[in-house]
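Dear colleague,

I am handing over the structure we spoke about, so please open it and keep it beside this message as you read. My notes follow below it.

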Amino acid sequence: MSFVAVATLDELIPEVPLAVDEHELAIVFHRGEYFAIHNLCSHGHVPLSDGDVEDGSIECYLHGSRFDLRNGRALCLPATEPVNVYPVQIEDQQVLVDLDHPITEFQES
């Protein structure tokens, strides 16, 4: 796996998505876990990092679509297509993301 440093832990605020524009990611620290999700809603193509994090999902602020942070699955309309999520590791206070290997299993979590 080819993990890339995208942020530091001190940049993250629990439940507040951090946009990493260089990689089109939103990094989320939620309920003690770290998530990396593609930052554009599959429906409205607006930044998910501007939305709310709640109950293991992130909401698109424009039309209300929600996406599962673990697998990227669209949880409600109007979005019907998932967004990519990526493996995350924490090492030496750095948030590392494997951009080459998105998680592709869209199963219930």
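**What was found**

In this predicted model, three strands make up an open sheet whose order is β1-β10-β9, and their pairing is antiparallel. Because β1 (3-8) and β9 (88-91) each have a single partner strand, they stand at the edges, and one side of each is left without a neighbour in the sheet. From one strand to the next, the twist averages 35°. If you follow β1 and strand β10 (residues 94-98), you will find them paired in the antiparallel sense over five bridges, and within β10 the bridge partner of Ala-7 is Val-95.

Strand β6 (residues 57-59) is joined to β7 by three bridges, the two running antiparallel, and Ser-57 stands opposite Asp-68 in β7.

Next, please look at the nonpolar side chains. The largest nonpolar core has 16 residues, and those with the most contacts inside it are Val-28, Ile-37, Cys-41, Leu-48, Ile-58, Phe-67 and Leu-69. What does Ile-58 touch, if residues up to four places away in sequence are not counted? Its contacts include Pro-17, Val-28, Ile-37, Leu-48, Phe-67 and Leu-69, and also Asp-52, Ser-65 and Arg-66.

Now to the charged residues. Side chains of opposite charge can pair when their charged atoms come close. The structure holds three salt bridges, which I take in turn.

- Asp-55 pairs with Arg-31, with 3.0 Å between the closest N and O atoms. This pair links distant parts of the chain, since Asp-55 is in the loop between β5 and β6 while Arg-31 is in the loop between β3 and β4, 24 residues apart. Both Asp-55 and Arg-31 are exposed.
- Glu-33 pairs with Arg-70, the closest N and O atoms being 2.5 Å apart. Distant parts of the chain are linked here too, with Glu-33 in strand β4 and Arg-70 in the loop between β7 and β8, 37 residues apart. Glu-33 has a relative accessible area of 32% and is therefore partly exposed, and Arg-70, at 41%, also counts as partly exposed.
- Glu-59 pairs with Arg-66, with 3.5 Å between the closest N and O atoms. Is each of these two residues buried or exposed? Glu-59, at 24% relative accessibility, counts as partly exposed, whereas Arg-66, at 17%, counts as buried, because buried means under 20% relative accessible area.

Finally, there is one glycine to find. Gly-72 lies in the loop between β7 (66-68) and β8 (85-86), and it counts as buried because its relative accessibility is 0%. Although Gly-72 and Asn-84 are twelve residues apart in sequence, their C-alpha atoms are 5.6 Å apart in space.

With best wishes

Technical notes. Residues are numbered from 1 along each chain as its sequence is written. This is a predicted model: local features need pLDDT of at least 70, side-chain atom pairs count only at pLDDT 80 or more; totals for chains, interfaces and linings use all residues. Side-chain values use heavy atoms; hydrogens and water are left out. Two strands pair if DSSP finds at least two bridges between them. Helices (H or I, at least four residues) and strands (E, at least two) are DSSP runs, numbered from the N terminus. Axes are lines fitted to C-alpha atoms, for helices over the stretch in contact, and angles run from 0 to 180 degrees between N-to-C directions. Buried means under 20% relative accessible area, exposed over 50%, partly exposed in between (1.4 Å probe, protein chains only). A nonpolar core is a set of buried Ala, Val, Leu, Ile, Met, Phe, Trp, Tyr and Cys residues joined through side-chain atoms within 4.5 Å. Contact means heavy atoms within 4.5 Å. A salt bridge is a side-chain nitrogen of Lys or Arg within 4 Å of a carboxyl oxygen of Asp or Glu.
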